[in-house]
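Colleague: I have some questions about how the labels on this model were assigned. Can we go through them one by one?

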Amino acid sequence: MSVDLLDRAETGQPEPDRPPAAKSVDAGDEAGGGDRVSDDAGASVDHVAASATRRVIRGALILLSTQPVTWASSLLMVIFVPRLLDSRALGEYQLAYSLAGVLLALLSLGVPAVLTRQIASAPGTATATISTALTLQVGLGLVGATLALALVPTFGLLPVSTALLGVVLFGMVLTQGQNVLNAALTGFQSMGRFAWSNAVTTASSAVLALGLLYLGFGALGLAASGLAPLLLVTVFFWLRLGIGFDRAGVTRASLMRLATMGLPFLGWDVLVRLRTEGEALALGAMLSVESVGWFAAALRVVAIPVFVPTLIVTPLMPALSQIVGQRAAFAATVRRSFELTLIVTVGVSAAIFAFAPVVPTILGWAPEYGSAVPIMRVLVWFFPLLSMGMVFGASLVALGEERKLLIANTVATMVQYAIMLATIPLTEAWLGNGGIGAAGARVASEVVMLAAAQLILPRGLVTLSMWLFAGRVLLAGGALIGVVGAVLPLAEAMVPLPELIQAGLVGAVGGLAYVAALFALRTVRVSDVRLALGWLLTDYEQFGPESLVVEVTAQE
């Protein structure tokens, strides 16, 4: 049955200059095959969907171009932070960071998400809107940080030193300003600047962090390492973007209007933070600071594949917002983003699962971090679920269904905390590791989110063929795990090489097995590779990075 996505959207988008054209849909579209839809204006859905998908892929590739920098930085942090901090110091840092994360979501009022959508749909008013957002975000951040710094030590709410908490909260205020910049860059689809601002911040923070840790500044040095890079990089890219500051946009009416528009996203942001940061706070309250450190170490490893859905979803939401009224093109773009994200995320997650038992040894962690291994093996499956949920979430936001998404997130959060409160003490008593229960609760919450997205999205957007595709990708991931599990012991016994090199060789064999399984299960075909190469090479001039950059001009 044909579904008009505009019937499900409350986007407030202006009507096009021409009247809507009648559309005819091939039978193949329902099966996800042809996407061939034509209208009276002569534009085909194939062209629209391909154009949107190319913009998404181009944006992802621009973001990917900086990944060597962020990967290297993240790898250094994964290796050396648990070497240079014991589980108690890392747990104390994670508790302060988790509290700041929840406050950040609460004080943001959902403004960054609104800002991205507003700029994408009405770039002419960007300067005033960004000025309003910056004033609101930084002002609320300062108030919230001051109150938290006064109340938490006074009432002994967390086993965290006042100095560490103060540094982390100051970083939260700076992050409020950076979030405005990132939302603006995303709205302008200026993915190159967005990518480099994050990459430079990550790399410089990592270098400073390792230096301060080696000098013996501990968790306080780890927290302080991000302050100067965050401030300097944000100011630099703000000036390069050339937005300026419009004082006329900073009025009580404009501040209230933007805050009100963000309220549907506020609940979402807070719930997401409660779901992602809640484990640390719960483990700290129910067990010990050391258990928080084990969980934080595991999370640093399993968070590696999260860059994949981020690369896709960052350009996806503005691209979908521009074609929300074109049903078949919208659905095709969502499906292709879903498939691409899942293929990469499952492969990386399966590799982490397979190598988890040897990770602490390979990375030279202290023996106490062996407790992170079972947490990794449970928690890692959260990320393939997250990748699917992020694609569906971007679709729902583009359709204006954020209120229904908020309800789904509320239910998922309730399920997560109910499971977590029950399983943390049980897994601590039975297995001696309460973090396993917290990890399982997070996975369960994402299953709830996927089920809810299936119900909320317009009928026909998420098809049975997409879930069958996901099942085949999971089978390919199982092949990777099986091959690595069989080859790794043989390599350790037969190849006289350092453990890290052995793991790299075994990982290459597992990766080849995964790719072979993808082709064998027909999740990837030679025609897909040729199509992707055609998009990346033959159409570069039309769909190159410059097509994603919207120049900002001063308002007349």
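Colleague: What percentage of the 556 residues in the chain is buried?

Modeller: Buried residues make up 53% of the 556. Buried means under 20% relative accessible area, exposed over 50%, and partly exposed in between, with a 1.4 Å probe and protein chains only as cover. This is a predicted model: local features need pLDDT of at least 70, side-chain atom pairs count only at pLDDT 80 or more, and totals for chains, interfaces and linings use all residues. Residues are numbered from 1 along each chain as its sequence is written, and side-chain values use heavy atoms, with hydrogens and water left out.

Colleague: Why is Leu157 called exposed?

Modeller: Its relative accessible area is 54%. The cut-off for exposed is over 50%, so Leu157 is exposed. Leu157 is in the loop between α6 (126–155) and α7 (162–187). Helices here are DSSP runs of H or I, at least four residues, and strands are runs of E, at least two, numbered from the N terminus. The chain has 23 helices and 2 strands.

Colleague: Why is Ala479 called partly exposed?

Modeller: Ala479 has a relative accessible area of 27%. That value lies between the 20% and 50% limits, so Ala479 is partly exposed. Ala479 sits in helix α20 (residues 464–494). Ala517 is 38 residues away from Ala479 in sequence and 7.0 Å away in space, C-alpha to C-alpha.

Colleague: Which residues have the most contacts inside the largest nonpolar core?

Modeller: They are Ile130, Met172, Phe330, Phe338, Trp365 and Met376, in a core of 154 residues. α7 gives the most to this core, with 13 residues. A nonpolar core is a set of buried Ala, Val, Leu, Ile, Met, Phe, Trp, Tyr and Cys residues joined through side-chain atoms within 4.5 Å. In soluble globular proteins, nonpolar side chains tend to be buried together.

Colleague: What is Met172 in contact with, leaving aside its neighbours within four places in sequence?

Modeller: Met172 is in contact with Ala100, Leu103, Leu104, Leu107, Gly141 and Ala145. Contact means heavy atoms within 4.5 Å. Among contacts in the chain between residues at least 6 apart in sequence, 84% join residues at least 24 apart.

Colleague: Where does the pLDDT stay under 50?

Modeller: Residues 1–43 are one such stretch, with 74 contacts beyond four places in sequence in the model. Over residues 538–556 the pLDDT is also below 50. pLDDT is the predictor's confidence in each residue, from 0 to 100. The chain averages 80, and 81% of the residues score at least 70.
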